[in-house]
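Please load the model in your viewer and show it as a cartoon. The stops below are meant to be taken in order.

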Amino acid sequence: MKTVISISEARKNLPGIIKKLKESPDTVYQVTVHNEVVAEIKTTPKVKPGEAARRLLALRKEKAKTGKGKGKKYPVSENIKDHLYAAEDRS
């Protein structure tokens, strides 16, 4: 559920917004300045312990299979945020 609030309202009610996020983690607050959305306040994705390492290893194996050159290392740290922080999208 998305809720649109002004930046003034966000400033005044930040403790309450945080409390509501704990109660309802699917809520997203869109913060506006002059009726333009400039930010979102939402909970962080939930990642199981060890999940980041598992994804990195799987990514490295996948890239090794695509033929980037035998013996060449694939730099898994480049653009890795998409792989680590998409907890809700992957099983």
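Begin with the strands: three of them form an open sheet of mixed pairing, in the order S1-S2-S3. Strands here are DSSP runs of E with at least two residues, helices are runs of H or I with at least four residues, and both are numbered from the N terminus. Two strands count as paired if DSSP finds at least two bridges between them. Select strand S1 (2–6) and strand S3 (36–41): they stand at the edges with a single partner strand each, so one side of each lacks a neighbour in the sheet. On average, neighbouring strands of this sheet are turned by 30 degrees against each other, direction ignored.

The model is predicted; local features need pLDDT of at least 70, side-chain atom pairs count only at pLDDT 80 or more, and totals for chains, interfaces and linings use all residues. Residues are numbered from 1 along each chain as its sequence is written, and side-chain values use heavy atoms, with hydrogens and water left out.

Next, select strand S2 (residues 28–33), which runs antiparallel to S3 and is joined to it by five bridges. Along this pair, Gln-30 stands opposite Glu-40 in S3, and Val-33 stands opposite Glu-36 in S3.

Stay on Gln-30, in strand S2. Is Gln-30 buried or exposed? At 15% relative accessibility, Gln-30 counts as buried; buried means under 20% relative accessible area, exposed over 50%, and partly exposed in between (1.4 Å probe, protein chains only). Leaving aside residues up to four places away in sequence, Gln-30 touches Lys-2, Thr-3, Val-4, Ile-5, Val-37, Ala-39 and Glu-40, where contact means heavy atoms within 4.5 Å. Ser-6 is 24 residues from Gln-30 in sequence and 8.2 Å from it in space, C-alpha to C-alpha.

Move to the hairpin of S2 and S3, which has two residues between the strands. His-34 lies in this loop, with a positive phi near 55 degrees in a residue other than glycine. His-34 is exposed, at a relative accessible area of 77%. Asn-35 also has its place in the loop between S2 and S3; its phi is positive too, near 65 degrees, and Asn-35 is exposed at 78%.

Now display the side chains of Ile-5, Ala-10, Ile-17, Leu-21, Tyr-29, Val-31 and Ile-41, the seven residues of the largest nonpolar core. Such a core is a set of buried Ala, Val, Leu, Ile, Met, Phe, Trp, Tyr and Cys residues joined through side-chain atoms within 4.5 Å. H1 gives the most to this core, with three residues. Centre the view on Ile-41: beyond residues up to four places away in sequence, Ile-41 touches Leu-14, Ile-17, Leu-21, Thr-27, Val-28, Tyr-29 and Val-31.

Finish at helix H2 (residues 51–65), whose 15 residues should span 21 Å at 1.5 Å a residue; the end C-alpha atoms are 21 Å apart, which agrees. The expected span is 1.5 Å times one less than the number of residues. Which residues of H2 are buried? They are Glu-51, Arg-55 and Leu-59. These residues cover an arc of only 70 degrees around the axis, which puts them on the same side of H2; the arc is that of the directions from the helix axis to the C-beta atoms.

Definitions and conventions:
Axes are lines fitted to C-alpha atoms, for helices over the stretch in contact, and angles run from 0 to 180 degrees between N-to-C directions.
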